[in-house]
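Here is a short tour of one protein chain. Keep the sequence and the model side by side as you read.

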Amino acid sequence: MKKLSSIILVITAFVCNFCFAQKVFTDKDIQIIPKPASLKIVAGVFEFSEKTKLVITDKSQKESANSFISKFEKAAGFKLQITSKAPKSNYVQFVVNTSFENEAYELKASKNNVIITAKNSAGFMYALETLRQLLPVAIESKTVIANTEWIIPAIEIKDKPRFEQRGLMLDLSRHFFGKEYILKTIDRLAMHKMNVLRLHMVDDQGWRMEIKKYPKLTEVGAWRVDQEDKAWNARAVNDPNQKGTYGGFLTQKELKEIVAYAVIKNVEIIPEIEMPAHVSSAIAAYPFLSCVEKPIAVPSGGVWPITDIFCAGKESTFEFLENVIDEVIAVFPSKYIHIGGDEATKDHWKTCPYCQKRIQAEGLKDVNELQSYFVKRIEKYINSKGKKMIGWDEILEGGLAPEATVMSWRGTKGGIEAAEQKHDVIMTPESHCYFNFYQGPQNDEPTAFNAFLPLHTVYEFDPIADAMSSETAKHILGGHANLWAEFINTDALSEYMLFPRLAAFSETLWSTKESRNWDDFSSRINPLFQRYDYLGINYAKSAYLIAASSKVDIASKKVSISLQNEFSKPDIRYVLGDQEITQSAVKYQGAIQIDKTTVIKASLFKDNQPIGKTFTDTITFHKASGSAIQFKTPFNENYKGDGDLSLVNIIRGTKNFHDGQWQAWLNNDMEAVIDLGIKQDIEHVILGSLESQGSGIYFPTAVTVYVSDDGINYKETAKTERAFASNINTELKDFKVSFDTKKARFIKVIATNLGKAPSGGGTWLFVDEIVVN
């Protein structure tokens with residue numbers, strides 16, 4: 001029996017080795033993100049086993065390798081051993097070549113070994129990240145995955161980044177994120193071959209870094225009154241005497257630990273300390289920093305315009321800032337300090353005696369030149385400490401500081417202007433780099449800033465504009481993505497907004513422009529999603545979502561529905577009515593014509609299976625469809641909907657109030673009269689409305705329905721009321737008014753505007769359809 005078992009083991013081993021030998025990799029099997037500069041597959045495979053050795057010669061190489069070793073320990077159940085001398089076969093060797101560029105590497109894998117060549121630890125780490133993506137996705141598992149072939153193709157890769165600055169900004173101020181999440185983010189940046197993490201630690205809503213010389217910055221400035229139950233831009237102004245309880249900060253010890261970990265991962269941590277605006281949290285702690293020296297509270301939500309800013313006339317302001325900068329420099333070894341410099345409303349500077357005295361003494365023309373003086377003086381101090389200053393493109397106004405690096409967010413114009421003046425530039429236009437924007441159809445997404453940045457648009461980003469000269473392009477260092485956190489209050493939501501857009505962004509900054517192709521990238525994203533699943537990353541599947549656009553022909557009362565998806569030539573299938581989405585669903589090939597009340601469901605398909613969330617919509621035809629409608633008070637010119645008949649055109653609006661289907665009234669009630677043409681039996685009226693309190697849009701407090709035979713004499717039939725309630729979300733709601741069956745030709749609908757927002761501002765009332773049945 002023993003002899004038979006031995007024979008079986010030998011045969012099994014032979015068969016397994018034969019399988020490895022027969023495994024043939026093709027280009028389609030290589031799904032690395034970001035895409036390497038060059039790649040060549042050769043015959044054979046390399047297999048990792050418990051006997052595989054890592055040949056390493058110094059401590060920094062070992063630090064680069066530790067994460068890779070840990071991957072095998074968790075997923076494969078064995079630990080790769082480190083040695084300083086290469087065995088005959090079955091090893092991965094690090095070879096130093098000082099002629100290589102920083103972060104560049106070569107990876108050559110054969111059946112006997114893997115040779116990695118690089119100049120420094122960054123190159124070795126990025127090579128291991130590539131090696132990680134050549135391995136099965138199960139390498140990401142936190143538990144042992146049995147019966148897995150830990151093989152990679154025999155391959156030759158030469159790779160290096162296109163840009164030196166490949167960054168992400170995390171906003172810690174609007175909502176606080178702690179050390180553990182920041183460390184996870186550093187790991188994920190390294191995984192995507194990104195090398196900068198900018199920490200936005202100062203803004204109106206919170207000061208997040210311990211400054212020992214000024215303890216009130218964190219005792220007072222790091223905490224605000226908890227108004228998290230209200231929409232960001234609908235929060236009340238706080239009383240300076242009320243103690244804040246919501247917030248947090250990082251100690252210098254914690255920040256040093258973050259920096260030390262980032263060094264191992266080749267990630268530079270750039271501190272972002274805003275000035276002269278976005279500093280209400282500092283002024284709340286130390287009122288002497290402002291022109292008026294009036295006590296203020298740390299704001300709990302949005303601030304606009306930003307008038308509480310540092311006084312540019314007082315020497316005490318600059319003494320404070322220089323002391324803060326000294327402590328920032330002691331914690332962060334980065335060659336850069338970002339000082340903001342944006343969105344300063346200088347009203348107080350115009351009347352402040354200190355600021356006016358400064359303008360006269362320095363021979364400045366106006367407050368714009370005073371801001372330039374402020375920025376240049378801060379830059380001079382930062383330069384004296386051996387550091388470089390970064391500022392938003394507003395620092396161009398009034399004259400650019402001599403050695404400043406400009407971060408261009410208002411498009412690329414400011415960046416191009418600065419580069420033409422031979423200043424270094426980091427491109428971060430909001431059109432492609434603001435990850436706080438929606439990434440999918442708004443109805444299916446968590447609340448975000450009301451703009452749209454889908455995955456494919458991120459992938460279109462290029463820091464170098466086509467019109468740039470080669471000389472100007474030399475000053476473009478790269479790009480940064482920004483995740484502003486007004487609407488992001490948890491780690492999971494932060495991950496959702498970052499991934500997979502960060503993967504697309506990483507390829508725009510690492511890979512050559514010629515090698516980038518959206519169809520190719522979108523085919524490589526699916527294995528990355530599987531890795532995200534193993535890693536527990538709460539990534540967005542928005543790219544799978546179906547978006548619909550509708551047009552109506554009022555005369556024929558037909559609705560035409562078009563379906564789209566981010567991917568080119570998508571396999572979209574749909575069903576009508578009560579059917580479920582299955583393989584037999586109808587393949588979408590053109591606009592769908594609907595002429596009666598119908599439920600439509602659609603999904604993206606891959607490998608003949610539905611993927612992502614199923615799109616569902618109900619097209620409701622009703623008795624008022626296409627009927628004449630008149631308003632007592634005209635709708636606002638900025639929100640005309642789809643024309644005069646928009647509220648009876650069958651098409652419903654989305655949570656995006658700019659979608660062209662909403663009509664709106666500012667501070668006025670909506671009073672509409674619908675003429676059905678002939679008397680009809682009616683028993684209910686539905687008014688569709690939207691609420692987005694942060695944008696000043698509120699549900700009606702009441703909807704009242706009247707009926708008439710002649711359009712002159714009306715009788716109230718029913719009314720539904722809804723008291724104001726604080727609402728943090730953007731929400732759609734149908735207000736249904738039901739009553740005993742009435743026969744009428746004319747219907748009057750009055751939706752009552754809230755009239756005054758809790759914050760004291762005006763109120764919008766938005767309506768998308770009045771359904772009559």
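## An exposed proline

Is Pro758 buried or exposed? Pro758 is exposed, with a relative accessible area of 54%. Here buried means under 20% relative accessible area, exposed means over 50%, and partly exposed lies in between, with a 1.4 Å probe and protein chains only. Pro758 sits in the loop between strand E34 (731-752) and strand E35 (764-772). Helices (H or I, at least four residues) and strands (E, at least two) are DSSP runs, numbered from the N terminus.

Leaving aside its neighbours within four places in sequence, Pro758 is in contact with Tyr698 and Phe724. Contact means heavy atoms within 4.5 Å. Asp553 is 205 residues from Pro758 along the chain, and their C-alpha atoms are separated by 41 Å.

## How to read the model

This is a predicted model, in which local features need pLDDT of at least 70, side-chain atom pairs count only at pLDDT 80 or more, and totals for chains, interfaces and linings use all residues. Residues are numbered from 1 along each chain as its sequence is written, and side-chain values use heavy atoms, with hydrogens and water left out.

## A sheet of seven strands

Seven strands form an open sheet in the order E1-E7-E5-E6-E4-E2-E3, with mixed pairing. Strand E1 (38-47) and strand E3 (81-83) stand at the edges, each with a single partner strand, so one side of each has no neighbour in the sheet. From one strand to the next, the twist averages 20°. Two strands pair if DSSP finds at least two bridges between them. Strands of a sheet pair through backbone hydrogen bonds, either parallel or antiparallel.

Strand E4 (residues 91-96) pairs with strand E6 (residues 113-118) in the parallel sense, over six bridges. Val96 stands opposite Ala118 in E6. Helix H2 (residues 59-75) lies across strand E2 (53-55), E3 and E4, and runs at about 150° to E4. Axes are lines fitted to C-alpha atoms, for helices over the stretch in contact, and angles run from 0 to 180 degrees between N-to-C directions.

## Gln61 under cover

Helix H2 holds Gln61. Gln61 is buried, with a relative accessible area of 1%. Leaving aside its neighbours within four places in sequence, Gln61 is in contact with Ile56, Phe94, Val96 and Phe124. The side chain of Gln61 also reaches the backbone nitrogen of Thr57, at 2.9 Å.

## Two crossing helices

At what angle do helix H10 and helix H11 pack? Helix H10 (residues 353-362) and helix H11 (residues 367-384) pack at about 80°, with their axes 10 Å apart. That makes H10 roughly perpendicular to H11; angles of 65 to 115 degrees count as roughly perpendicular, under 35 as roughly parallel, over 145 as roughly antiparallel and the rest as oblique.

H10 brings Cys355, Arg358, Ile359 and Glu362 to the contact, and H11 brings Val367, Leu370, Tyr373 and Arg377. These residues divide into five nonpolar, no polar and three charged. Ala, Val, Leu, Ile, Met, Phe, Trp, Tyr, Cys and Pro count as nonpolar, Asp, Glu, Lys and Arg as charged, and the others, Gly among them, as polar.

## Covered elements

Strand E9 (residues 196-200) is mostly covered, with five of its five residues buried. Val196, Arg198 and His200 point one way, while Leu197 and Leu199 point the other way. Five bridges join E9 to strand E8 (residues 165-171), and the two run parallel. Asp171 stands opposite His200 in E9.

Helix H16 (residues 491-498) is mostly covered too: six of its eight residues are buried. Among the elements covering them are E8, helix H4 (179-191) and strand E21 (476-483).

## Backbone exceptions

Most residues other than glycine have a negative phi, and most peptide bonds are trans. A cis peptide bond joins Met275 and Pro276, with omega about -5°. Another cis peptide bond joins Phe499 and Pro500, with omega about 10°. Pro500 is in the loop between H16 and H17.

Glu103 is not a glycine, yet has a positive phi of about 75°. Glu103 is buried, at 10% relative accessible area. Asn667 has a positive phi near 65°. At 40% relative accessibility, Asn667 counts as partly exposed.

Technical notes:
Polar contact = N/O pair within 3.5 Å; in protein donor to acceptor, adjacent residues only side chain to side chain.
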